[in-house]
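Hi everyone, thanks for coming.

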Amino acid sequence: MNTPALHTTAAPRSLLYAWLQTLAIVVRDKGVLLLLIGAPVLYGFFYPWFYADEVLTRVPVAVVDMDRTSLSRQITRFADADPRIEVRLVTGSEHEAQQALWRGEIEGYAVIPPHLKRSVVRGENAVVSIEANGAYALLNKAVQFGFAEAVGTVSAAVEIRKLQSSGHSAQQAQASRAPVQLQTVALFNPIEGYGSFVVPAVALLILQQTLLMGAALLTGTWVEAGQHRACTTAWLGRMLALCTLGWASGIFYFGWIFVLHDYPRGGNPLGALALLACYVPAVAAMGALLGLWFGNRERALQVLLFTTLPIAFVAGFSWPVEALPEPLQWLRWLLPSTSGVQASLRLNQLGAPLQAALPYLCGLVVLGAVCTAAVLYTARPLTSPRSSRV
């Protein structure tokens with residue numbers, strides 16, 4: 001009896017052949033083409049558009065004035081003069097301000113307590129509470145900062161008047177109120193815009209997720225067709241093709257999108273290129289490994305599509321790392337984006353030397369090497385047994 005030989009995919013003739021063949025497959029596969037080329041381009045144009053204003057101004061707010069004195073009216077005038085906020089409603093009822101907040105007419109309000117002026121005159125502590133819409137970080141920041149600046153300015157004027165009444169001159173009172181002059185200068189985000197803060201970090205997540213899903217989708221297709229078992233040369237050519245598209249997307253973001261939207265960039269261009277050289281292969285190898293694990297084209301997309309937001313939270317730029325559970329603080333380093341985002345912010349935005357990002361780059365190299373070795377082992381060709389006759 002003859003034992004049938006196990007099916008194996010014919011090995012491509014060379015690395016170049018495998019690379020060209022994979023690129024041709026990507027062009028013919030509309031789903032993979034959309035993820036690897038279409039999605040990065042669309043995200044690059046439309047994602048920064050939501051943060052085009054960078055800094056919000058004239059956010060509608062309300063003032064709940066329960067004191068109704070000259071001091072409370074001065075706070076209201078200073079709040080309305082602040083460029084961040086615009087006082088749309090002045091009322092004596094906090095309930096009315098809350099209802100306006102629920103209806104979306106305002107984005108926050110300040111509560112001036114009763115007897116505020118009397119407490120200030122007596123030298124007692126007085127608190128002006130601020131309530132803002134915490135669902136939107138930009139609006140919440142504008143409301144909090146706007147009211148804080150207004151109340152702080154009025155508070156400083158009150159302190160200076162008290163010092164003058166005790167015999168200090170105007171210059172002495174100002175020097176006593178602020179003996180050390182503080183001038184805040186934003187070094188790496190001059191306009192202190194939210195888009196300049198979040199988009200350069202999210203760009204690395206976009207590169208990872210699009211390449212990760214595209215590689216897993218393509219590998220799942222090979223598994224379904226029985227073409228995933230191939231020699232080392234074939235798989236290296238396949239992953240090189242995926243890396244080629246990933247590098248093109250990375251250069252597109254670093255070299256044009258950041259320039260188009262005038263985000264901080266170019267601190268260390270050669271370091272940024274070194275980052276892409278380490279980051280993209282790690283992502284491509286992990287995507288291929290996940291595709292082999294899922295073994296299904298649709299399942300790869302279904303699972304990975306919902307991982308973007310959790311990955312963003314553990315990346316370390318939008319959420320304090322110290323606030324994460326300790327297991328997540330360790331497990332997050334298994335994701336290329338964790339090291340990639342930290343290295344990118346140092347090299348491309350902060351202009352740090354390559355040595356400052358070297359631990360992150362080494363982590364990416366190790367992660368990419370482990371995933372590549374796992375892919376080559378998992379998808380190795382099966383040895384065909386010799387035919388035997390019974």
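Before we look inside, a word on classes: Ala, Val, Leu, Ile, Met, Phe, Trp, Tyr, Cys and Pro count as nonpolar, Asp, Glu, Lys and Arg as charged, and the others, Gly among them, as polar. This is a predicted model, where local features need pLDDT of at least 70, side-chain atom pairs count only at pLDDT 80 or more, and totals for chains, interfaces and linings use all residues. Residues are numbered from 1 along each chain as its sequence is written, and side-chain values use heavy atoms, with hydrogens and water left out.

Now the spaces. On a 1 Å grid over the protein atoms alone, a cavity is a set of points where a 1.4 Å probe fits but cannot get out, while a pocket is an open set with protein on both sides within 12 Å along at least five of seven lines; lining residues have an atom within 4 Å of a point. Points are joined across faces, edges and corners, and a volume is the space filled by probe spheres set on them.

The largest pocket has a volume of about 620 Å³. It is lined by 19 residues, with Y47, V202, L205, L309 and A312 nearest its centre. Helices (H or I, at least four residues) and strands (E, at least two) are DSSP runs, numbered from the N terminus. Helix α8 gives this pocket the largest share of its lining, nine residues. And what classes make up that lining? There are 15 nonpolar residues, four polar and no charged.

The largest cavity has a volume of about 80 Å³. Of its 13 lining residues, L207, T210, L211, G246 and S249 are the closest to its centre. Again the largest share, four residues, comes from α8.

Next, the strands. Two strands pair if DSSP finds at least two bridges between them; here β1 (residues 59-65) and β2 (residues 85-91) run parallel over six bridges. V64 sits opposite T91 in β2.

For C278, the nearest cysteine sulfur is that of C362, 7.9 Å away. C278 is also buried, with a relative accessible area of 18%, where buried means under 20%, exposed over 50% and partly exposed in between (1.4 Å probe, protein chains only).

Terms used
A disulfide is a pair of cysteine sulfur atoms within 2.5 Å.
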